[in-house]
Amino acid sequence: MRVLILVLSGGSKDFDMLCQGQKDTWDSIEVEGVDTIYYHSGNNTILNGKDLYVNCPPEQNMAHYRLKLALDYIFDSNSAYDFIFRTNASSYVDKQRLLEYAKEMPTRRTYNGKLGG
């Protein structure tokens with residue numbers, strides 16, 4: 001089981017501080033099978049450690065497009081994740097509990113932890 005946590009950053013120094021706080025707290029705990037990528041606006045698409053910069057303006061109304069570009073990068077890199085959990089830079093995630101929850105979820109027709117019809 002592999003889970004990817006995608007963290008949306010807003011592109012300002014405030015969001016950078018929130019992301020650093022996450023890296024220093026819940027994301028500092030390594031859990032086998034769980035990866036974290038923080039995606040940000042940038043001038044090019046490049047992965048630098050856990051930070052993915054996508055070629056997208058930093059404006060708030062571009063948040064969905066940043067997610068689309070981040071997902072394009074993940075899918076194009078042939079990463080084999082069973083689940084992708086998207087969260088914000090202000091969230092706290094218990095990676096071990098998320099992994100345990102994901103193991104109980106169906107692998108088809110699933111969205112945000114809810115069964116699809």
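Which residues of helix α3 (residues 95–103) are buried? Before selecting them, note that this is a predicted model, in which local features need pLDDT of at least 70 and side-chain atom pairs count only at pLDDT 80 or more, while totals for chains, interfaces and linings use all residues. Residues are numbered from 1 along each chain as its sequence is written, and side-chain values use heavy atoms, with hydrogens and water left out.

**Helix α3**

Select K95, L98, L99 and A102, which are the buried residues of α3; buried means under 20% relative accessible area, exposed over 50% and partly exposed in between, with a 1.4 Å probe and protein chains only. Helices (H or I, at least four residues) and strands (E, at least two) are DSSP runs, numbered from the N terminus. The four residues sit on the same side of α3 because they cover an arc of only 100° around the axis, the arc being that of the directions from the helix axis to the C-beta atoms. Show β1 (3–8), β2 and β5 (83–88) next, since the buried residues of α3 pack against these strands; contact here means heavy atoms within 4.5 Å. At the start of α3, look for a side-chain oxygen of D94, which comes to within 3.2 Å of the backbone nitrogen of Q96.

**T36 in strand β2**

Move to T36, which lies in strand β2 and counts as buried because its relative accessibility is 6%. Its side chain makes a polar contact of 2.8 Å with the side chain of D27; such a contact is a pair of N or O atoms within 3.5 Å, where within protein one must be able to donate a hydrogen and the other to accept it, and residues adjacent in sequence count only if both atoms are side-chain atoms. Leaving aside residues up to four places away in sequence, T36 touches L4, I5, V7, W26, D27, K50 and K95.

Now display β2 (residues 34–42) with β4 (residues 51–55), which run parallel and are joined by 5 bridges; two strands pair if DSSP finds at least two bridges between them. Within this pairing, Y38 stands opposite D51 of β4.

**Charges over rings**

Finally, select K23, which lies over the face of Y38 at 4.9 Å from the ring centre, and then R2, which lies over the face of Y81 at 4.3 Å from the ring centre. A charge sits over a ring if NZ of Lys or CZ of Arg is within 6 Å of the ring centre and within 35 degrees of the ring normal.
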